[in-house]
Amino acid sequence: MLRKAILAAAESPRLQRGVRRHGMRLGASRFVAGETLDQAVVVLRSLNERGLKVNTTLLGEGVSDEAETRAVVNAYKVILDRIEAEQLRVNVALKLTHLGLAFDEQLARANIGELVSHAGRLGNFVRLDMEESSFVDATLRVFRALRADGHENVGTVLQSYLYRSPADLESLLGLEPNLRFVKGAYLESPDVAYPEKKDVDAAYARLIERSLTAGGFTAVATHDEALIAHAISYAEGNDIPRSRLQFQMLYGVRGKLQLGLVQQGYDVLVATPYGPDWYRYLMRRLAERPANVLFIARNLVRR
Ligand SMILES: Cc1cc2nc3c(=O)[nH]c(=O)nc-3n(C[C@H](O)[C@H](O)[C@H](O)COP(=O)(O)OP(=O)(O)OC[C@H]3O[C@@H](n4cnc5c(N)ncnc54)[C@H](O)[C@@H]3O)c2cc1C
């Protein structure tokens with residue numbers, strides 16, 4: 001209930017104005033690695049130094065014309081070049097709506113093709129995040145088109161709250177895909193997504209098992225310790241090589257768990273976004289764990 005209330009309240013223009021003005025100082029910086037690339041690079045390097053891989057994202061979702069999407073493409077090229085110059089173990093993850101998917105799928109496809117080619121020349125990798133259910137078909141179409149064009153350095157995401165995800169996984173397996181599995185962060189109707197957490201969790205375990213058994217690369221992106229333990233025991237019990245399994249968590253969430261897995265010899269990647277347009281990202285993080293609202297509120301009182 002609270003999750004839904006926070007996601008709905010996030011749309012209020014008044015709340016947006018207030019949070020955008022003060023949020024970074026009030027605690028958004030726990031989840032966001034700064035507003036500029038220079039600030040982010042410091043954080044990315046420090047995560048690498050602790051044995052963690054990273055993916056970064058220039059935050060932003062709403063673009064309204066081609067010129068804006070071109071600016072995003074150019075910004076990501078700068079990010080990829082900077083990662084190379086700084087010799088960081090960092091790839092990028094992005095939302096296709098940031099490249100125009102909401103108004104022109106062909107444009108988004110051309111933009112992402114350019115970025116994946118650029119990343120490929122640098123030996124880097126691009127992940128297509130998964131957004132609201134209305135974008136799943138188009139995102140998977142673009143992913144398949146990139147793979148059909150011969151790009152191996154691209155992956156995408158499946159959300160266990162969607163009823164359709166097991167079928168989507170089956171349809172992708174022939175590609176030996178690089179897939180990140182998440183529970184799902186958006187407000188979805190019970191027509192398309194499990195409303196109950198226990199069903200989302202059970203679906204998550206089934207997707208992981210199927211992906212690990214079938215081949216390809218499985219990124220287990222959750223902070224849920226029971227599901228992480230399940231993935232480890234399932235992989236070990238079925239002789240799945242560790243090179244095909246990665247754990248992914250969010251910057252600012254469960255740091256000790258991240259480092260504990262690194263110490264056990266697992267590959268761990270921390271999703272670490274940055275940029276001035278952090279409002280919606282922060283709201284999704286607050287909705288996932290309403291205690292995070294208290295964290296922000298405490299900072300407000302302390303000021
Ligand atoms: C690397 C990564 C990439 C993601 N990419 C996408 C994507 O492309 N599309 C998409 O829809 N969703 C994405 N998500 C978000 C995901 O869908 C979930 O909303 C989010 O991960 C919370 O669910 P959980 O799996 O951690 O499990 P939960 O059952 O929600 O949480 C398990 C435990 O983790 C802790 N926890 C979880 N979230 C937080 C938080 N925000 N702050 C503090 N503690 C927390 C809590 O203690 C909780 O008890 C991504 C998540 C990760 C980790």
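## Ground rules

Residues are numbered from 1 along each chain as its sequence is written, and side-chain values use heavy atoms, with hydrogens and water left out. Because the model is predicted, local features need pLDDT of at least 70 and side-chain atom pairs count only at pLDDT 80 or more, while totals for chains, interfaces and linings use all residues.

## Around the ligand

The ligand is surrounded by 26 residues (each has a heavy atom within 4 Å of it). The closest are Lys 183, Gly 184, Lys 197, Thr 222 and Glu 288. By type, the shell divides into 10 nonpolar, 6 polar and 10 charged residues. Here Ala, Val, Leu, Ile, Met, Phe, Trp, Tyr, Cys and Pro count as nonpolar, Asp, Glu, Lys and Arg as charged, and the others, Gly among them, as polar.

Strands S4 (154-159), S5 (178-182) and S7 (245-250) and helix H11 (279-288) each supply at least two shell residues. S7 gives the most, with 3 residues. Helices (H or I, at least four residues) and strands (E, at least two) are DSSP runs, numbered from the N terminus.

## Contacts with the ligand

A polar side-chain atom of Lys 197 lies 2.6 Å from a ligand oxygen. Thr 222 also places a polar side-chain atom 2.6 Å from an oxygen atom of the ligand. Ala 185 uses a backbone N or O atom, 3.0 Å from a ligand oxygen. Taken alone, the ligand exposes 920 Å², and the protein buries 87% of that (Shrake-Rupley method, 1.4 Å probe).

## The cavity

The count is 1 cavity of 30 Å³ or more. A cavity is a set of points on a 1 Å grid, over the protein atoms alone, where a 1.4 Å probe fits but cannot get out; lining residues have an atom within 4 Å of a point. The largest cavity holds about 30 Å³ of space, where volume is the space filled by probe spheres set on the points.

Its lining is Leu 37, Val 41, Leu 44, Thr 56, Ile 79, Arg 82, Ile 83 and Leu 88. That makes 6 nonpolar, 1 polar and 1 charged.

## Asp 104

Asp 104 lies in the loop between strand S2 (90-94) and helix H5 (105-121). Asp 104 counts as partly exposed because its relative accessibility is 32% (buried is under 20%, exposed over 50%, partly exposed in between; 1.4 Å probe, protein chains only). A polar atom of the Asp 104 side chain lies 3.2 Å from the backbone nitrogen of Gln 106.

Key: 1 Å grid on protein atoms, 1.4 Å probe; cavity = no way out; pocket = protein on both sides within 12 Å on 5 of 7 lines; lining within 4 Å. Polar contact = N/O pair within 3.5 Å; in protein donor to acceptor, adjacent residues only side chain to side chain.
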